[in-house]
Amino acid sequence: MPVEIFVPFYGDPSLLYGAVASVLAQDHPDWTLTVVDDGYPDESVGTFFAALTDHRVRYLRNEVNLGANGNYRRCVSLAGAELLVILGADDELMPNYVRTVLAAHLEFPGAAVIQPGVVVIDEAGRPRTNLLDSVKRRLRPVVVGRREFGGQRLATSLLRGNWLYFPSLAFARVPMTEVGFREGLNVVQDLALVIDLVAGGHHLVVDATTCFRYRRHSASDSSWRALDGSRFVEETTYFQQAAAQMAALGWTRAARAARRHWLSRANALTQLPKAIRAGQRAGAATLARQVVGFRRRGSDARAAADD
């Protein structure tokens, strides 16, 4: 039962090669790797893959640039195995990743999503911690071994503060392909996908085993979108939609968490000084509007902690 790993690529080739090396170094052989190049202007990438001899690796190049969301959806459309992973082109698997998610799938075969343990690294591959990751660790359920979650409790937790690391997730292919990524989302499509799965009655497994290295650095797509403010515009629009979605299910606590989305607002506050220093005037204005909204709802953040 192989784990099908996809890498939607458009970025630094050297980091991509590191991601590929981490897949090749797995201590469990049941995996395949497909890199889907979204038209990155560097012919050496194709040359690199042509030189690889492992039959489990394939390289595809889109004829036209699909953008992040479109390339994610193409990866899902290519999947055929029971489990699939959409690995970030700058992230790395630890050698025990495939073994870990397969074991979790065998124990909880009905779960749609598996979140294994993650360590955060910087541009140079060194472990790092910032405020956002510290908060994510506090929000994530404390688990010994593996534990399954679902329903309103899980939706409320994730809408209060998204503690998932999307590139590390392993998905059951059938529910993943049935639900799919929402079109038009480029930053929050990961959370939207998981919430849609949970709303459809599917469950998520948290595995305490650390087996993934998530890279957080200033050059990432989500980082520059945070500074220009577009990340938070997209997030605010999505949380409004999620609140309506949860209300329609009768999940009042989850709807309230979506309306407040206090962690998103708090994140905007941390990005505001960076945008000002970077000369992002329009972005700083957008972030400031988010900060004002967060301050007006300061009591909401405290109330959310008590929900």
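1. In this predicted model, helix 6 and helix 8 cross with left-handed geometry. The two helices pack at an angle of about 165°, and their axes lie 10 Å apart. Angles over 145 degrees count as roughly antiparallel, so helix 6 is roughly antiparallel to helix 8.

2. On the helix 6 side, the contact is formed by Gly-151, Leu-154, Ala-155, Leu-158 and Leu-159. Helix 8 contributes Leu-191, Val-194, Ile-195 and Val-198. Sorted by class, the residues of this contact are eight nonpolar and one polar, with no charged residue.

3. The largest nonpolar core of the model has 44 residues. Leu-159, Phe-171 and Tyr-238 have the most contacts inside this core. Several elements each supply at least two of its residues: helix 3 (67-78), strand 4 (83-86), helix 6 (151-160), helix 8 (189-199), strand 9 (204-215), helix 10 (230-249) and helix 11 (252-260). Helix 8 gives the most, with seven residues.

4. Tyr-238 deserves a separate look. Leaving aside residues up to four places away in sequence, Tyr-238 touches Leu-159, Arg-182, Val-188, Leu-191, Ala-192 and Ile-195. Among these partners, Leu-159, Leu-191 and Ile-195 also take part in the contact of helix 6 with helix 8.

5. As general background, nonpolar side chains in soluble globular proteins tend to be buried together.

Technical notes
Residues numbered from 1 in each chain as written. Predicted model: local features only at pLDDT ≥ 70, side-chain atom pairs only at ≥ 80, totals over all residues. Heavy atoms only, no water. Core = buried A, V, L, I, M, F, W, Y, C linked by side-chain atoms within 4.5 Å. Buried < 20%, exposed > 50% of the residue type's maximum accessible area, 1.4 Å probe, protein only. Helix = DSSP H or I, 4+ residues; strand = E, 2+ residues; numbered from the N terminus. Contact = heavy atoms within 4.5 Å. Axes fitted to C-alpha atoms, helices over the stretch in contact; angles between N-to-C directions. Parallel < 35°, antiparallel > 145°, perpendicular 65-115°, else oblique. Left-handed = near helix turned anticlockwise from the far one by under 90°. Nonpolar A, V, L, I, M, F, W, Y, C, P; charged D, E, K, R; others polar.
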